[in-house]
Amino acid sequence: VETVLKSAGIDTVSAVVYAQEPCAPTAEAVGLMSGESPVILPLFSVRSASLAVDAFRGHRAPLLIAAMSAGIAEAAGELRALRTNIAASPVATAMVRAILPLAQARESG
């Protein structure tokens, strides 16, 4: 984009304003994913879904996923979730609405 803007005579400045650095799951997260209680996993990006697949492949815990989009849910497919809810739109309130039924299912099941 910067090259296109500059070629059009528009002054531009590049800046990294957001960087998400991957980190290993905590011992607590590994323990939960190795247990038998259901775990709710909210996923906000394809990248976070891919990182979760790498970190939790072969998990034992029953998994309930809330995904920001269908593409994100697809990226998490290897995790073999018992249930996946997809947010109606890519906003925080829609993710909350996707998570709430999972929390209710976890409590009742």
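A polar contact is a pair of N or O atoms within 3.5 Å.

**View 1. Ser48 at its place in helix H3.**
The side chain of Ser48 reaches the backbone oxygen of Ser45 at 2.9 Å. Ser48 has a relative accessibility of 18%. Buried means under 20%, so Ser48 counts as buried.

**View 2. Helix H3 and its buried face.**
Helix H3 covers residues 46-56. Its buried residues are Ser48, Ala49, Ala52, Val53 and Phe56. Seen down the axis of H3, they fall within an arc of 145°, so they line one face of the helix. What do the buried residues of H3 pack against? They pack against helix H2 (27-34), strand S1 and helix H4 (70-75). Just after H3 comes Gly58, with a positive phi of about 85°.

**View 3. Ser50, another residue of helix H3.**
Ser50 counts as partly exposed, at 33% relative accessibility. Pro25 lies 25 residues from Ser50 in sequence. In space, the two are 13 Å apart, C-alpha to C-alpha.

**View 4. The open sheet of three strands.**
The order is S1-S2-S3, and the pairing is parallel. Strands S1 (39-43) and S3 stand at the edges. Each has a single partner strand, so one side of each is left without a neighbour in the sheet. From one strand to the next, the twist averages 15°. Strands of a sheet pair through backbone hydrogen bonds.

**View 5. The pairings of strand S2 with S1 and with S3.**
S1 and S2 pair in the parallel sense, over five bridges. Look for Leu43: its bridge partner in S2 is Ala67. Strand S2 (residues 63-67) is also joined to S3, by four bridges. These two strands run parallel as well. Here Ile65 stands opposite Thr84 in S3.

**View 6. Strand S2 and its two covered faces.**
How many of the five residues of S2 are buried? Five of the five are, so S2 is largely enclosed by the rest of the structure. Leu63, Ile65 and Ala67 are buried on one side. Leu64 and Ala66 are buried on the other.

**View 7. Asn85 in strand S3.**
Strand S3 spans residues 83-86. Is Asn85 buried or exposed? Asn85 is buried, because its relative accessible area is 14%. The side chain of Asn85 reaches the backbone oxygen of Ala98 at 3.0 Å.

**View 8. Confidence across the predicted protein.**
The mean pLDDT of the protein is 93. Of its residues, 99% reach 70 or more. Where is confidence lowest, and where is it highest? Confidence is lowest in helix H1 (residues 2-7), at a mean of 82. Confidence is highest in H4, at 98. Where pLDDT is low, the predicted coordinates should not be read in detail.

Key. Residues numbered from 1 in each chain as written. Predicted model: local features only at pLDDT ≥ 70, side-chain atom pairs only at ≥ 80, totals over all residues. Heavy atoms only, no water. Buried < 20%, exposed > 50% of the residue type's maximum accessible area, 1.4 Å probe, protein only. Polar contact = N/O pair within 3.5 Å; in protein donor to acceptor, adjacent residues only side chain to side chain. Pairing = 2+ DSSP bridges. Axes fitted to C-alpha atoms, helices over the stretch in contact; angles between N-to-C directions. Arc of directions from axis to C-beta. Contact = heavy atoms within 4.5 Å. pLDDT = per-residue confidence, 0-100.
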